Amino acid sequence: MLPTTLRLPFARLFTALTAGLFLLLAPAAQCVPQWLPGDPRPVPDGYTTSSAIWDPDGAGPLTARLLVGGGMKVANNNQEDVLAYDGSTWAPLGSANGYVTALIVWNGQPYAAFTESPSFWSTIRTWDGTAWQPIGLASGPVYSFAIFNGQLVAGGSFTTVAGVAASNIASWNGTSWNPLGVGIGNGSVRAMAVFNNTLRVGGQFTIAGGQAAGNLAIWTGTAWTIGPIFNGDVHAIAVRSTTTIATTLLFVGGAFTSYSIGGLATAAQHIARFEGQNNTWSAVGTGVPGTRCTALFARNLGLSSYEVIAGVEDANSAQHAFRLNAGVWTPMGTLPNEAYNVHPATITFFGGRHTIGINSSTRAVRSWDGTQWLDVNGQGILGTVYAVEPNGNDLVLGGAFATIGGVAVNGIARGSANAWTPLGTGMTGGLGVFALATAQNGDVVAGGDFTTAGGLPANRIARWNGV
């Protein structure tokens, strides 16, 4: 049962919406009023697992898109698997059965692994511009993609792909699936990256190419070799790429606290680095806190400097992202309004900002503005609408929303679908606007839980005179 103070707005909401939609959508005596979709949800709700940058027309006029995969809701749609963001608007990129566990762009086309439930088989699909077309069914989940020697490589926890025997890793040449030698045994593949013309494969496994391994292995294109023995899983891999091997670096992150080479152990708190010039591994500063490094992203900052961003799972802290610059790890703010176990599952760079996709989040994608993590907003209303009131040729919305389409409105706005403007600086100091009415002269009267209206003191009720 709603409190007495909240019953009126919902009754008025029904009446006002019916009348408002009739006025806006249907000339009298010509057609029957009907419900149509309103403003979309502006921020993806749900969780993300993967991301990629995709330019749908190559050198054409369209801007690049940020693609995120997982299990999310946005706009006026049900749960979607892949969402595309063009810098101002979120839109679903088709849909298929299952949720996305891996995502990549190869030869100008998005590829995604849709994991079925409850069997947890993955269907690997490619986007043909209209729909997701299957190219192979894996007998278990696919967690990671990479591009190596001109082919798409899928890694995960499976024994076959499209009926072809493949132990946790396989390649697609555009026509058929093939195993990578005898593959990875006793575990699963979680991360992959190309470094110095070899494919580096991380995960949670004890065998690679039939040899004893410790969660990291190297595929040369024809054979498997073994990397260091890590005492915990390798969950993320990133490469700082340059034109020479002398300045190209490999970073691995995971749940490990040390690695061993030739039986000699070296402490490394969740992150380690490989330098190809002198063929050496080392810890990266003092590492990062928590239980696991969940995501890594590296990029150059010029000819001689670079940065690495690490996502961290830490049940004891709200700090889940750290930046490495000049050998020092520094925290990058907090992730507000989230449960303690939230962590970045994917990190990329889009629109001039670091962007993270968050696991187990109701606000699934955020970008770093240099000071804090902000929602990556598209068009739509960020919050709950409690009241709708016809006013002239427009509608007035009242509710518990701070922004519409990224514009501050503070609980009240006027206009029509996807075209709202604020009424002054709106209402602050409470839960928002719960009821609306129109005076005989056209003024809007708002009631609710607020203490200021347009910056002036207001004891839960205020009147807007049009200016």
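**Entry 1: Gly-399**

I started with Gly-399 and found it in strand β38, which covers residues 394–404. I am working from a predicted model, so I read every value here as computed. Is Gly-399 buried or exposed? Its relative accessibility is 1%, and the cut-off for buried is under 20%, so Gly-399 counts as buried.

Next I listed what Gly-399 touches, setting aside neighbours within four places in sequence. The contacts are Thr-384, Val-385, Tyr-386, Gly-411, Leu-431, Gly-432 and Val-433. I also checked Gly-399 against Thr-346: 53 residues separate the two in sequence, and their C-alpha atoms are 33 Å apart in space.

**Entry 2: the whole chain**

I stepped back for an overview. The protein chain holds one helix and 47 strands. Its C-alpha trace spans about 85 × 45 × 45 Å along the principal axes. Of the 467 residues, 48% are buried. I then looked at contacts with a separation of 6 or more: 39% of them join residues 24 or more positions apart.

**Entry 3: the sheet β43-β44-β47**

I went to an open sheet of three strands, ordered β43-β44-β47 and paired antiparallel. Which strands stand at the edges? They are β43 (432–438) and β47 (461–464); each has a single partner strand, so one side of each lacks a neighbour in the sheet. On average, neighbouring strands here are turned by 25° against each other, direction ignored.

I followed the pairing of β44 (residues 444–449) with β47 and counted four bridges, with the strands antiparallel. Within that pair, Gly-447 is set opposite Ile-461 of β47.

The loop between β43 and β44 contains Asp-443. I looked up its accessibility and got 10% in relative terms, so Asp-443 counts as buried. Beyond residues up to four places away in sequence, Asp-443 touches Ala-437, Thr-438, Arg-463, Trp-464 and Asn-465.

I picked β6 (residues 109–115) next. How many of its seven residues are buried? Six are, so the rest of the structure largely encloses this strand.

On one pairing, β6 is joined to β5 (residues 99–106) by seven bridges, running antiparallel. Val-105 faces Pro-110 of β6 across this pair. The two strands make a hairpin with two residues between them, and in the turn I noted a positive phi of about 55° for Asn-107.

Strand β6 also pairs with β7 (residues 122–127), again in the antiparallel sense, over five bridges. Here Thr-115 is opposite Ser-122 in β7.

**Entry 4: nonpolar cores**

Where do the β5 and β6 residues end up? I checked the largest nonpolar core, which has 18 residues; Ile-124, Val-142, Phe-145, Leu-152 and Trp-177 have the most contacts inside it. At least two core residues come from each of β5, β6, β8 (132–138), β9 (142–148), β10 (151–156) and β13 (169–172). The largest share, three residues, is supplied by β5.

Not counting residues up to four places away in sequence, its contacts are Thr-101, Ala-102, Ala-113, Ser-122, Ile-124, Ala-154, Gly-155, Gly-156 and Phe-158. Another core, of 17 residues, lies apart from this one; Phe-251, Ile-271, Val-284 and Ala-298 are among its members.

**Entry 5: the largest pocket**

I then looked at open space. The largest pocket holds about 1,200 Å³.

**Entry 6: one more hairpin**

Last, I visited β25 (residues 258–261) and β26 (residues 264–267), which run antiparallel with four bridges between them. I looked up the bridge partner of Ser-260 and found Ala-265 in β26. These strands form a hairpin with two residues between them, and Gly-262 in the turn shows a positive phi of about 60°.

Technical notes:
Residues numbered from 1 in each chain as written. Predicted model: local features only at pLDDT ≥ 70, side-chain atom pairs only at ≥ 80, totals over all residues. Heavy atoms only, no water. Pairing = 2+ DSSP bridges. Axes fitted to C-alpha atoms, helices over the stretch in contact; angles between N-to-C directions. Buried < 20%, exposed > 50% of the residue type's maximum accessible area, 1.4 Å probe, protein only. Contact = heavy atoms within 4.5 Å. Core = buried A, V, L, I, M, F, W, Y, C linked by side-chain atoms within 4.5 Å. 1 Å grid on protein atoms, 1.4 Å probe; cavity = no way out; pocket = protein on both sides within 12 Å on 5 of 7 lines; lining within 4 Å. Points joined across faces, edges and corners; volume = space filled by probe spheres on them.
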